[in-house]
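Open the model in your viewer and keep the sequence panel beside it. Follow the stops in order, selecting as you go.

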Amino acid sequence: MKITKICCIGAGYVGGPTMAVIAQKCPHIQVTVVDLNSERIAAWNDDDVNNIPIYEPGLSAVVQEARGRNLFFSTDVEKAIDEAQVIFISVNTPTKTYGKGKGMAADLKYIELCARQIAKVAKDNKIVVEKSTLPVRTAEAIKSILDNTGNGVQFQILSNPEFLAEGTAVSDLMHPDRILIGGDTTEEGQKAIQALVDVYANWVQPENILTTNVWSSELSKLTANAFLAQRISSINALSELCEKTGADVNEVAKAIGMDSRIGSKFLKASVGFGGSCFQKDILNLVYIAKSYGLNEVADYWEQVIIMNDHQKRRFSNRIVQTLYNTVADKKIAFLGWAFKKDTNDTRESAAIYVANDLINEEANIVVYDPKVALKKILSDLDYLETREAVSNAKHITSFPDAYSTCENAHAIAILTEWDEFKTYDWQKIYDSMQKPAFIFDGRNILDGEKLKEIGFIYQAIGS
Ligand code: NAD
Ligand code: UGA
């Protein structure tokens, strides 16, 4: 089967960039991305391509090239489903906030809605692709909904998880380490797999396209994230030991990472990992293990999350302790709010939790992030439901530049590793601050020796 029309449900951080790259690389395929959120779709269609809702280096150029040619953004979900041969489901799968599995299991209500809508609309055979990250065996549930509520047409379900990281989404999509496609072992299943392989083969080398059974594919996505997050929790656990022993975590990471069996990537000690996926996917893995009665397996992976929570709390405690055990009414400048550099995404950012702890201690926080505005910062804090929104608004604000943010501050905390932070005139910042002037570098990005020469009291993670 030759694919000429693709629909993607969900125009978020995955659906938007992924489909933009497919459209750019496959001009012969019409790609329509649909979403219920009309504001988001309007932003994707904004005449000024710089106003698209997701900030990713290189993304606006890709959208500019393909949009209107063979890439379309729309709220007309039914039409796009009806026309497509392949439907990607790329909706959000957050941790459940209610009922059975609350705080652990993935909330699959958006996935189920998509399946029901596809079943209702489809009048000819379709390939349905799980692009969202899903618990292992979700394809079974999707198939059951499609087969039992559909119009008697045939559906093939494929699992094609996405491995892009935010901040590098476009280059990850253009040069993926691998494309993973899982499907049925039947002849029809293999045909569906081949149809999707042919789409990716437009720009990905065949040896980088891996096909598996559907359960291996679903489970590999959850475990890939668990392994990545585990490395960060491992190095962060060592950072605390380094602080006690005089070892330096950057040196330790370099030394162990040079062993090719260990590898050097993802060993950067930090204030803790954030983002929309690591925590939710590991919690989901823990929940799945528990549901099979595998308590040791569940405990093993849960420790990655426990360590990450500890690392965030340890950072805020250290600020309070160093500032003479009180931050009440002190001005603390936050540089960075996004969960990592080069993205405007703030979901589960460590900054939110550090700010929450410091506000509990009555600190006044001023934030500067190159891509995040005050409205988002306030809604992130309000989402924790620790205190009234008015109280959050009293304790946190933001300025549009770093210099005014740091003026008169007692301390600066680096929460995101934005490159521009390294280029600042730190003498000028020091001169404008309260003394002694403290810097807590939650990302180990600044030159501590230089800052100490200027007069700062500089504290990094793990040294
Ligand atoms: P997102 O919240 O940015 O986007 C999801 C979109 O789906 C939203 O715009 C929402 O309005 C829309 N949506 C929800 N239900 C819908 C429905 N029934 N019909 C139409 N639209 C609907 O989420 P995301 O970050 O793009 O993540 C999507 C999935 O991809 C998740 O399962 C996530 O785990 C996975 N994933 C995310 C990343 C990442 O870096 N963000 C990377 C790999 C995989
Ligand atoms: C992560 C994975 O890297 C992607 O492969 C995966 O597709 C995605 O999750 C997903 O499923 O959503 P992402 O969360 O976008 O991507 O970004 P990462 O680069 O993995 O960073 C996650 C967090 O870990 C960030 O807060 C980052 O600052 C932190 N981190 C990362 C560290 O603290 N140290 C490191 O060495 C690396």
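**Before you start**

This is a predicted model, in which local features need pLDDT of at least 70, side-chain atom pairs count only at pLDDT 80 or more, and totals for chains, interfaces and linings use all residues. Residues are numbered from 1 along each chain as its sequence is written, chains are lettered from A and ligands numbered from 1 in the order in which they are written, and side-chain values use heavy atoms, with hydrogens and water left out.

**Stop 1: ligand 1**

Select ligand 1 and show its surroundings. How many residues surround ligand 1? There are 25, and the closest are D35, R40, T93, E166 and K280. A residue counts as near if one of its heavy atoms lies within 4 Å of the molecule.

Now look at the polar contacts. A polar contact is a pair of N or O atoms within 3.5 Å; within protein, one must be able to donate a hydrogen and the other to accept it, and residues adjacent in sequence count only if both atoms are side-chain atoms. Pick D35: a polar atom of its side chain is 2.6 Å from an oxygen atom of ligand 1. Pick T93: an N or O atom in its side chain also lies 2.6 Å from an oxygen atom of ligand 1. Pick E166: here a polar side-chain atom sits 2.7 Å from a nitrogen atom of ligand 1. Taken alone, ligand 1 exposes 840 Å², and the protein buries 92% of that. Such areas come from the Shrake-Rupley method with a 1.4 Å probe; for residues, only the protein chains shown count as cover.

Color the shell by residue class. The shell around ligand 1 has nine nonpolar, nine polar and seven charged residues. Ala, Val, Leu, Ile, Met, Phe, Trp, Tyr, Cys and Pro count as nonpolar, Asp, Glu, Lys and Arg as charged, and the others, Gly among them, as polar.

**Stop 2: ligand 2**

A backbone N or O atom of E166 lies 2.8 Å from an oxygen atom of ligand 2. From K221, a side-chain N or O atom is 2.8 Å from an oxygen atom of ligand 2. Ligand 2 taken alone exposes 700 Å², of which the protein buries 90%.

Helices (H or I, at least four residues) and strands (E, at least two) are DSSP runs, numbered from the N terminus.

**Stop 3: salt bridges**

The structure holds 25 salt bridges. Each is a side-chain nitrogen of Lys or Arg within 4 Å of a carboxyl oxygen of Asp or Glu. Return to E166: salt bridges link E166, D345 and R347 in a network.

Next, select K109 and D107. Their side chains meet in a salt bridge (3.9 Å, N to O). K109 is partly exposed at 39% relative accessible area, whereas D107 is buried at 5%. Buried means under 20% relative accessible area, exposed over 50%, partly exposed in between (1.4 Å probe, protein chains only).

Move to R116 and E112, another salt bridge (2.9 Å, N to O). Both lie in helix 5 (residues 109-121), four residues apart, about one turn of the helix. An α-helix has 3.6 residues a turn, so residues three or four places apart point the same way. R116 is partly exposed at 41%, and E112 is partly exposed at 35%.

Then pick E140 and R137. Their closest N and O atoms are 3.1 Å apart in a salt bridge.

**Stop 4**

Select helix 1 (residues 15-25). Of its 11 residues, 10 are buried, including G15, M19 and Q24.

Jump to R314 in helix 12 (residues 295-322). Is R314 buried or exposed? R314 counts as buried, at 13% relative accessibility.

**Stop 4: a surface patch**

Finish with L238, L241, I256 and I262. They form a nonpolar patch on the surface, with about 300 Å² of accessible area together. Patches are made of residues with over 30% relative accessible area and no salt bridge: like charges are joined within 9 Å, nonpolar side chains (Val, Leu, Ile, Met, Phe, Trp, Tyr) within 5 Å. I256 belongs to helix 10 (residues 249-257).
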